[in-house]
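Student: I would like to go through this structure with you. Can we take the ligand surroundings and then the helix packing?

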Amino acid sequence: MADQVSIEQLSINTIRTLAMDAVQAANSGHPGTPMALAPVTYCLWNRFLQFDPDDPIWPNRDRFVLSVGHASMLLYAMLHVSQVKAVNEDYGATNNLAVPLDEIKRFRQLESKCPGHPEYHWTSGVETTTGPLGQGLGNSVGMAIAQRWMAEYFNRPGFDIINYDVYALCGDGCLMEGVSSEAASLAGHLKLSNLCWIYDNNKITIEGKTALAFSEDVGARFRAYGWNVVHVDDANNIEKLSGAFRAFQEETARPTMIIVDSHIGFGAPNKQDTHGAHGEPLGEEEIRLAKKNYGWPEDAKFLVPEEVLQHFKAGIGQRGKANREVWTARFQEYKTQFPELADQLHKMQHRQLPDGWARGLQEFPADSKGLATRESSGKVLNAIAKEVPWLIGGSADLAPSTKTRLTFDGAGDFEASTYGGRNFHFGVREHAMGAVISGMALSKVRPYGSGFLIFSDYGRPSIRLAAMMEIPVIYVFTHDSIGVGEDGPTHQPVEHLASLRAIPGLVTIRPGDANEVVEAWRVIMQMQHQPVVLALTRQALPTLDRTKYGSALGVAQGAYVLADADDGKPEVLLLATGSEVPLCVDAYEKLKVEGIKARVVSMPSWELFEQQSQDYRDSVIPPGVTARVSVEQATTFGWSQYVGATGTSIGMHTFGSSAPLKDLTKHFGFTVDRVMAAARQQLELTVGA
Ligand SMILES: Cc1ncc(C[n+]2csc(CCOP(=O)(O)OP(=O)(O)O)c2C)c(N)n1
Ligand SMILES: [Mg+2]
């Protein structure tokens, strides 16, 4: 075969036919886009990408993000032909292939390393989970940002330890989605010249021609964002593609967008440029015809010629290995000259914390006036960030309001001219912020993003993917209830806590006073594989007297006994989170005067509580005590699992309202009297039973 077509063409056709055969075998998937874009990834990977297939987590590798996740077979084929190795749980490279041919044959089957869309953590070499269009683009901006920040922090004259580039491949869908516009606008503003998006301009999308719904001048739009825009009018022209990638590498002031005109289903005579190459197998006959067009043996299936593997070995393999070896030698020298920085880089890469990271944490003294949990969080965050240099982030709203601004000397702002700054300004872009901080976490810095809890909805798709990827992003969401007051129902979260708790793997924490905030941050910082949402109040909450009530260390268990019956045998349980904890404490004290034995359980995190042993959970919520009241300024959805069939939940059943907080708490019934009445009623029920 090699005599008839060049080795380059043979390599490209291998990628194409692998995708066609895998989709056909699975009887589902998208063959057309991999067929069209095989020359693009061939060119990028084999001629440009700095990536060692033997060490796919080498920190300075170039990143490749497949934002068009439906074209997953393109990525799996690239990982296979490049013979990328799998990484084990301990971040060690193995001798196994990340994507063996047998796994491609099992495309989209249970537990295959080639699931329908690329999944981070599951398949080595997959840099991020993609599929929801546009997310990968947002992630790529985060990766480019992280590179810039790490370069400023770790590089020293003569030691360019971190200088990787980030490439993302996107399609019409990605560019129609709002998240990509937010992210592109931010990337242009930040002048991320290490970022290259490749746009598959095929004029086809899910319903058919893009002309149905998408007619803007994308190039003009990106130029207006401050991007360098390069056009390649033929996806099959490798030299032109190479020219575009070189233009990107030479660009030093702006991100680059390469618009590539392509033909979906290239080579399939009846499907090319039609929607027919989308979302369904080509069919045996069409595959035969396409293979014939490629000069491929028509009946061969999953054929990977040995010379193709050798060709990739000589290209990406050799270049990546040489590059990594030079880097590793340089890094040995760096280690000698800058042992502390080298140690920090190691710790950061392994998601460990610097020694003494918690030394600035202090207990807040009891104070009946207290302070808002967003305030105490701001103080705690600053104390920790001083000790953890790579804890960086900002707000997609107003950092002085979410209290996420780092105010100590040298914290600085992350801007195009100051990439070493630690305060990020995401603008008013919650969705991009979510995708960006995920990209940052994937690059191993420890990012946080903040905003109002109500607008968590705007970033929800990225939060969900962070949970799926098991990456430790931190969301600081303030203004967490009707406690917002006068801003009214548009700004008062009601269903948000419940909906965040519903995301598998995401940890939500809603602390009830300043010392619970301290403990919440202590727990959060030690998480290595879980994203977390910290829900904080706008309004002041009293700081409880911990000599009188249970220790805030209980936050680590998710729920704990805060105040109890004198004999430890309560008749009624009051379960609460956040701002409703002090309310329950007040009710508890008054019930006590009445001779009613109540227990207050502070439940800042359902998820952490669920991770505890049955014994612990029963010790906090004794199964025998069925008189139970939950109190939370949010929908009661979900609370029945804790109050049980006979318990009652005080919460929100409608949207909120615009009024001063005092009036709202009365109007919606978050009062000591109501809690006491509910407790008494519960007791009557149990006595009656
Ligand atoms: C957020 C989101 N919405 C919808 C989909 C479903 N979907 C999968 S592929 C696709 C079409 C994408 O069109 P385009 O980006 O032009 O890709 P092409 O068809 O050219 O490969 C859609 C809508 C998705 N994956 N993500
Ligand atoms: Mg398209």
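Student: How many nonpolar, polar and charged residues does the shell around ligand 1 have?
Tutor: This is a predicted model, so the counts describe a prediction. The shell is made up of 14 residues, with Thr-33, His-70, Gly-173, Asn-202 and His-278 the closest. Sorted by class, the shell has four nonpolar, eight polar and two charged residues.

Student: Which helix and which strand each supply at least two residues of that shell?
Tutor: The helix covers 172–176 and the strand covers 204–205. They are α6 and β6.

Student: Which side chain has a polar atom 2.8 Å from an oxygen atom of ligand 1?
Tutor: Polar side-chain atoms of several residues approach oxygen atoms of the ligand. For Asp-172 the distance is 3.0 Å, and for an N or O atom in the side chain of Thr-205 it is 3.0 Å. The 2.8 Å distance belongs to His-70.

Student: What share of the accessible area of ligand 1 does the protein cover?
Tutor: On its own, ligand 1 has 580 Å² of accessible area. The protein covers 77%.

Student: Why is α1 called oblique to α3?
Tutor: Helix α1 spans residues 7–26 and helix α3 spans residues 72–81, and their axes come within 9 Å. Their crossing angle is roughly 125°. Angles of 65 to 115 degrees count as roughly perpendicular and those over 145 as roughly antiparallel, so this pair is oblique.

Student: Is the crossing of α1 and α3 left-handed or right-handed?
Tutor: The crossing in question is the one at roughly 125°. As α1 passes α3, the crossing is right-handed.

Note on methods
Residues are numbered from 1 along each chain as its sequence is written. Chains are lettered from A and ligands numbered from 1 in the order in which they are written. This is a predicted model: local features need pLDDT of at least 70, side-chain atom pairs count only at pLDDT 80 or more; totals for chains, interfaces and linings use all residues. Side-chain values use heavy atoms; hydrogens and water are left out. A residue is near a molecule or strand if one of its heavy atoms lies within 4 Å of it. A polar contact is a pair of N or O atoms within 3.5 Å; within protein, one must be able to donate a hydrogen and the other to accept it, and residues adjacent in sequence count only if both atoms are side-chain atoms. Accessible areas come from the Shrake-Rupley method with a 1.4 Å probe; for residues, only the protein chains shown count as cover. Helices (H or I, at least four residues) and strands (E, at least two) are DSSP runs, numbered from the N terminus. Ala, Val, Leu, Ile, Met, Phe, Trp, Tyr, Cys and Pro count as nonpolar, Asp, Glu, Lys and Arg as charged, and the others, Gly among them, as polar. Axes are lines fitted to C-alpha atoms, for helices over the stretch in contact, and angles run from 0 to 180 degrees between N-to-C directions. Angles under 35 degrees count as roughly parallel, over 145 as roughly antiparallel, 65 to 115 as roughly perpendicular and the rest as oblique. A crossing is left-handed if the near helix is turned anticlockwise from the far one by less than a right angle, and right-handed if clockwise.
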